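Please look first at the sequence and then at the three-dimensional model. The explanation below moves from the overall fold to individual residues.

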Amino acid sequence: MKFRPLHDRVVIRRVEHEGKTTGGIFIPDTAQEKPMEGEIVAVGPGARDDNGKVVPLDVKAGDRILFGKWSGTEIKLDGVEYLIMNESDIMGVIDSSTVTTLGVAKKKAA
């Protein structure tokens with residue numbers, strides 16, 4: 001991908017979930033909601049503060065994040081769909097060490 005976001009914008013690829021409920025019922029694509037989870041593909045250099053100094057972003061490429069349902073602008077580059085949004089639209093970063101393949105958080109051993 002040859003795209004570089006500007007300022008405090010990030011490029012996100014949605015993470016697709018399996019189209020089956022926990023009870024084993026398959027959900028057709030037309031009935032599924034778009035996931036609100038994604039992986040950051042690229043980040044901008046950061047926003048400028050009042051003094052003109054660049055403040056770097058808190059997220060980096062490769063982070064798995066949660067974002068709002070209607071956040072961002074959908075684009076298509078090289079046949080792949082991405083979202084572009086400001087860093088402020090990101091709700092949080094998912095720590096990969098606490099997520100299982102089922103999407104259920106597990107407790108860390110104390």
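What follows is a guided reading of this structure, beginning with the chain as a whole.

The model shown here is predicted. The chain contains 0 helices and 8 strands, and its pattern along the sequence reads β-β-β-β-β-β-β-β. Of the 110 residues in the chain, 25% are buried. The chain exposes about 8300 Å², and carbon and sulfur atoms supply 53% of that area. Among the contacts with a separation of 6 or more, 60% are between residues 24 or more positions apart.

The strands can now be placed beside one another. An open sheet is formed by 6 strands, arranged in the order S6-S7-S1-S2-S5-S8 with antiparallel pairing. Strands S6 and S8 are the edge strands, since each pairs on one side only. On average, neighbouring strands of this sheet are turned by 45 degrees against each other, direction ignored. Within the sheet, S2 and S5 pair in the antiparallel sense over 3 bridges. In this arrangement, Arg64 in S5 is the bridge partner of Glu39.

The next topic is charge. Side chains of opposite charge can pair when their charged atoms come close. A search of the whole structure finds 4 salt bridges. Three of them are described here in turn.

How accessible are Glu39 and Arg13? Glu39 is partly exposed, because its relative accessible area is 31%, a value between the limits of 20% and 50%. Arg13 is likewise partly exposed, with a relative accessible area of 34%.

Another salt bridge is formed by the side chains of Arg14 and Glu74, with an N to O distance of 3.4 Å. This pair links distant parts of the chain: Arg14 is in strand S1 and Glu74 is in strand S6 (residues 73-77), 60 residues apart. Is Arg14 buried or exposed? Arg14 has a relative accessible area of 17%, which is under 20%, and therefore counts as buried.

Arg64 is partly exposed, with a relative accessible area of 35%, whereas Glu37 is buried at 14%.

Where in the chain is Asp89 placed? Asp89 lies in the loop between strand S7 (80-86) and strand S8 (90-94). Its relative accessibility of 32% makes Asp89 partly exposed. Although Asp89 and Leu66 are 23 residues apart in sequence, their C-alpha atoms are 9.2 Å apart in space. Which residues are in contact with Asp89, once its neighbours within four places in sequence are left aside? They are Phe67, Gly68, Ser71 and Gly72.

Key
Residues are numbered from 1 along each chain as its sequence is written. This is a predicted model: local features need pLDDT of at least 70, side-chain atom pairs count only at pLDDT 80 or more; totals for chains, interfaces and linings use all residues. Side-chain values use heavy atoms; hydrogens and water are left out. Buried means under 20% relative accessible area, exposed over 50%, partly exposed in between (1.4 Å probe, protein chains only). Helices (H or I, at least four residues) and strands (E, at least two) are DSSP runs, numbered from the N terminus. Contact means heavy atoms within 4.5 Å. Accessible areas come from the Shrake-Rupley method with a 1.4 Å probe; for residues, only the protein chains shown count as cover. Two strands pair if DSSP finds at least two bridges between them. Axes are lines fitted to C-alpha atoms, for helices over the stretch in contact, and angles run from 0 to 180 degrees between N-to-C directions.
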